[in-house]
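Reader: Before I set anything up with this one, could you walk me through it? I would like to go from the overall build to the details.

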Amino acid sequence: MDPSPQKNVGSVHQTKYTTERYGIWEVLMVDENYRAQYLRFIHDFPKLLPYLCRLFQDIYSLSPEIFPRFICLRLWLGCQESIKLHFSGEVLRAIEQCLKEGVADYYAVAYAIILRCGVAGLASFFSWYSQQVMLGLQRRVTSHFQLRIMSTVLGRDLADKNSPSAQINVSAKEAWTAFEEVLQHISTVLTVVSQLGLIFYVSAQDKGGILFALLCLLHPIVSTLVTRSLWNKVCIVRETSRDQQRIEALTTLIKPEFRQDVIGNNLQAFILSEYQETNERLRNVSVEQIWRLYGTPSSPASGILTTFLSDLPLIYCALTALRDPKRTSFASIAILQQSSVLLSRWVAIALSGSEHFRSGMKHIQDIYESTEKPGKNGITDLKQIGLEDATLRVGEGIELELRNVSFEYPGTKANREALRNISLKIKPGQFVVLVGANGSGKSTLLKTLCRFFHPTACRSGCSDVSGQVLLDSIPAQLYSESSLRRTMAVLSQENMLYPGFTCLDEAVRKAGADRVVNRMKQGMDTLLEPLFSWYQYNVRDKDTDHPLKKVLQEMERPIEVSGGEKQRIVAARTFMRLKSGTIRFLAVDEPSSALDAEGEELLLSNLLRERSGKTIVFVTHRFGKLTRQADLILCMKEGQVIESGTHQELMNNSEGEYKKLYDIQASAFRDESS
Ligand SMILES: Nc1ncnc2c1ncn2[C@@H]1O[C@H](COP(=O)(O)OP(=O)(O)OP(=O)(O)O)[C@@H](O)[C@H]1O
């Protein structure tokens, strides 16, 4: 085994980091000692504090009656260990007094025990009550933040979705967790303070309060400093062993989804021998979890030192007793011993938890910053805030124009733009068909027309570096998102069923999905993508006759919907949108790739029946009925529109791309029929 680390030093933007290897792991870690970590925390704190205050204010206004109770209970929980310990000490003292004097003082002992039990009972009651209060508050806080996040996400302009500022990486649950982490840390600090108070109080008679308290603090501080942990580091851990990756890949192949393929292709012997060989190569490399490998000290010295420090309070008590045996009380020694153990534990928790506290506060900042509401979306008075209303000309198709539009996907590795310097105009009410080879840019063009994307700068060689999309001769970005979306219906090739929704009546028939729905036991009430949580405990696979196993099988059974059936159901959603009466632009992207001939015919003719008062842009790979009916065909190649015209015009160009693609498809039919 080779757990000993190897170090390299690298640097990115002046921040140094080291690369260390532990077994199969490589750790890239910013070189930062404890001092730097705490300085970072102190530096960040004033910036984070306003967000914390805001969170507390928000939670208070959500439930002014519960919040103060919750805070008081958490503060009590922070002190209760010390209070309980104090009353345990009173019981011991009463017993010690009886032993010293040789007289059974029933009253004093009973009184101390009743107090101790009373406090313990009260502590249990408060723990239970705090749990009840917490559940109520948690529900309100998470739904408040969920609503905040949902309204931010749903209110954002679609075209901005790729910009980093538009990404929301926080969840409502995290808001609550961050609040809990902050409270937990405050409560831990309170526990430490109350334990220290108890130690001072108990050892005050020995005049050694401060010294004893310091001895108690030594152990947790030193062990926090010498214990190596990755939790509070800025680091990346990655598995670099090819052999380990191979082992994991081979193990994955026994999963049910691979079974048919693996056994069908007789790969069992190959997989087993590969596993053995790879395992043999990994014999001398540690595959232990990284946190364990990293935390293992390189020598036993730190362990010996911290053990000695943890015994220091006990040694101190022993020395005090030897120095002045008459003044020493066994009850005090027992309480101090217990306090020192508790203090040690809680100081260690407080020190290691400071990073959680900081990240909790940072999370709160992230949640507020990323859900900050932009200006009102102008649903009522768009002109006042300089936005156009796309719904004003309902009943009339939208005019679409691209001027020198280029587009490339963020972070793309392609050597050309997805769209390159495109200029075109689509008249109101036209039926336009987009054709072209795979990857030629049809879907990207359609999405740009729908303002899902903003044009990006042309890489080189364009007359105009930044292009523009115009809707009804007005730049697309001047429309309010909400008015624009009310005028557009989009049927895309991404067949996504919305979880938790049922199907809908007439629209289902128009999309040819009625047969799919009729097949289901619950018909229109079928939840297409049911989303509910369930757990099972101890219901075994073998117990096929067990009544709970049958319930489980029923819950596990998926709703069987084929690719084509899914497409029909998704199309039904578009017909629902068309019923709204405000649609001026219908964008359709290859909606029939998985449909049978009958389904395709029904869908296309029903879509075309909706033509009146709408501009339609249709992406398709299938030439024929659609392209012949189109007012305009745009033929794309490598991100550019290389030909445009009607079917007849494009067919007249014997060298053209459209004719070439058309002939390839037509020849397939000719070959089959001949
Ligand atoms: N999300 C994305 N990120 C990066 N590149 C993308 C993304 N989507 C598409 N592309 C690239 O943009 C180019 C145009 O893709 P697009 O999907 O618009 O082509 P298409 O003509 O609709 O293709 P198909 O007929 O296969 O649907 C392709 O080179 C594709 O690889």
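**Talking through the model**

Reader: To start with the overall fold, what share of the contacts with a separation of 6 or more comes from residues 24 or more positions apart?
Author: Keeping in mind that this is a predicted model, residues 24 or more positions apart account for 74% of the contacts in the protein with a separation of 6 or more.

Reader: And how many helices and strands are there?
Author: The protein has 21 helices and 14 strands, and of its 674 residues, 28% count as buried.

Reader: Let's turn to the ligand, then; which residues surround the ligand?
Author: The residues around the ligand are Tyr409, Thr412, Ala414, Ala418, Gly436, Asn438, Gly439, Ser440, Gly441, Lys442, Ser443 and Thr444. Sorted by class, that shell has three nonpolar, eight polar and one charged residues.

Reader: Which helix gives the most to that shell?
Author: That is helix α12, residues 442-449, which gives three residues to the shell around the ligand.

Reader: Switching to helix packing, at what angle do α2 and α4 pack?
Author: Helix α2, which covers residues 67-101, packs against helix α4, residues 172-203, at an angle of about 25 degrees, and their axes are 7 Å apart. Angles under 35 degrees count as roughly parallel, and α2 and α4 are therefore roughly parallel to each other. In handedness, the crossing of α2 with α4 is right-handed.

Reader: Which residues make that contact?
Author: From α2, the contact is made by Arg74, Leu75, Leu77, Gly78, Cys79, Glu81, Ser82, Leu85, His86 and Gly89, while α4 brings Leu183, Ser187, Leu190, Thr191, Ser194, Gln195, Gly197, Leu198 and Val202. By class, the contact of α2 with α4 consists of eight nonpolar, nine polar and two charged residues.

Reader: I'd like to look at serine 187 on its own; is serine 187 buried, partly exposed or exposed?
Author: Serine 187, which has its place in helix α4, is partly exposed, because 18 other C-beta atoms lie within 10 Å, and a residue counts as buried if that number is 20 or more.

Reader: Which residues is serine 187 in contact with, leaving aside its neighbours within four places in sequence?
Author: With those neighbours left aside, serine 187 is in contact with Arg74, Leu77 and Gly78. The C-alpha atoms of serine 187 and leucine 75 are separated by 6.0 Å, although these two residues are 112 residues apart along the chain.

Reader: Back to α2, at roughly what angle do the axes of α2 and α11 cross?
Author: The axes of α2 and helix α11, residues 330-370, cross at roughly 160 degrees and come within 8 Å. That angle makes α2 roughly antiparallel to α11, and their crossing is right-handed. On the α2 side, Glu81, Leu85, Gly89, Leu92, Arg93 and Glu96 meet Phe330, Ala331, Ala334, Ile335, Gln338, Ser339 and Leu342 in α11. This contact of α2 with α11 has seven nonpolar, three polar and three charged residues.

Reader: And α3, how do the axes of α2 and α3 come together?
Author: The axes of α2 and helix α3, which spans residues 106-155, come within 9 Å, with a crossing at roughly 165 degrees. This makes α2 roughly antiparallel to α3, and α2 passes α3 in a left-handed crossing. The contact of α2 with α3 has, by class, 24 nonpolar, five polar and five charged residues.

Reader: New topic: what is the count of buried residues in α7?
Author: Helix α7, residues 256-264, is hardly covered, since the count of buried residues among its nine residues is zero. Just after α7, asparagine 266 takes a positive phi of about 55 degrees.

Reader: Where is asparagine 266 found, and why does it count as exposed?
Author: Asparagine 266 is found in the loop between α7 and α8, the latter being residues 268-281. Asparagine 266 counts as exposed because it has 8 C-beta neighbours inside 10 Å, and the limit for exposed is 12 or fewer.

Reader: What about asparagine 538, what phi does it have?
Author: Asparagine 538 has a positive phi of about 65 degrees, although it is not a glycine. It is found in the loop between α15, residues 514-519, and α16, residues 547-556, and asparagine 538 is exposed, with 6 other C-beta atoms within 10 Å.

Key: Residues numbered from 1 in each chain as written. Predicted model: local features only at pLDDT ≥ 70, side-chain atom pairs only at ≥ 80, totals over all residues. Near = placed C-beta within 6 Å. Helix = DSSP H or I, 4+ residues; strand = E, 2+ residues; numbered from the N terminus. Nonpolar A, V, L, I, M, F, W, Y, C, P; charged D, E, K, R; others polar. Contact = placed C-beta atoms within 7 Å. Axes fitted to C-alpha atoms, helices over the stretch in contact; angles between N-to-C directions. Parallel < 35°, antiparallel > 145°, perpendicular 65-115°, else oblique. Left-handed = near helix turned anticlockwise from the far one by under 90°.
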